[in-house]
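Here is my note on this model. Please read the points in order, with the structure open beside you.

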Amino acid sequence: MENRQLRLRPFLVRMPSGDRYWTVLDEDELTPVVEVDEFLRHVRFGRDQAETTTATYAGAMKLFLTWCDRTGRDWREYAGRLGSFMLWLRHARLDQGAVVAGPGCRPVRGRVG
């Protein structure tokens, strides 16, 4: 079995009713990531949150799943360890596999919040 890097992207879903929400699509399989899609549908329709909320969440979830994939982590185990993800997010470029963080390393993203 060949190891492949996940290629994910946020994707706008238009429901037959006209309602819309964002999900995360596996670009190779052309299918939504099931657990993410279920969560984002719940956020949009179960919690009655704005479409833009699901857009923001979809982007963040794509980054988290990319981090898990590139670092060999199972997202189910690392969902509670967001400190490592935040360090990666601050210093990683998505076009590079390795993250070099430490003294003198310039962040590629600013702090959130």
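1. By class, the second largest pocket is lined by six nonpolar, one polar and five charged residues. Nonpolar covers Ala, Val, Leu, Ile, Met, Phe, Trp, Tyr, Cys and Pro; charged covers Asp, Glu, Lys and Arg; the others, Gly among them, are polar. The model is predicted: local features need pLDDT of at least 70, side-chain atom pairs count only at pLDDT 80 or more, and totals for chains, interfaces and linings use all residues. Residues are numbered from 1 along each chain as its sequence is written, and side-chain values use heavy atoms, with hydrogens and water left out.

2. Which residues line the second largest pocket? Among them are Leu6, Val33, Glu35, Asp69, Arg73 and Trp75. A pocket is an open set of points on a 1 Å grid over the protein atoms alone, where a 1.4 Å probe fits, with protein on both sides within 12 Å along at least five of seven lines; lining residues have an atom within 4 Å of a point. The space here is about 240 Å³. Such a volume is what probe spheres set on the points fill, with points joined across faces, edges and corners.

3. Helices α1, α2 and α3 (75-78) each give at least two residues to the lining of the second largest pocket. The largest share, three residues, is from α2. Helices (H or I, at least four residues) and strands (E, at least two) are DSSP runs, numbered from the N terminus.

4. Now the largest pocket. It holds about 420 Å³ of space. Of its 16 lining residues, Tyr57, Ala60, Met61, Phe64 and Leu82 are the closest to its centre. The lining has 14 nonpolar, one polar and one charged residues. Six of them come from α2, the largest share.

5. Three strands make an open sheet, ordered β1-β2-β3, with antiparallel pairing. Strands β1 (8-14) and β3 (31-32) are at the edges with a single partner each, so one side of each has no neighbour in the sheet. Two strands pair if DSSP finds at least two bridges between them. How many bridges join β1 to β2? There are seven, and β2 spans residues 20-26. One of the pairs is Arg14 with Arg20.

6. Helix α1 (residues 34-46) packs on the sheet and touches β2 and β3 (contact: heavy atoms within 4.5 Å). Its direction makes about 170° with that of β2. Axes are lines fitted to C-alpha atoms, for helices over the stretch in contact, and angles run from 0 to 180 degrees between N-to-C directions. Helix α2 (residues 51-70) lies across β1 and β2, at about 15° to β2.
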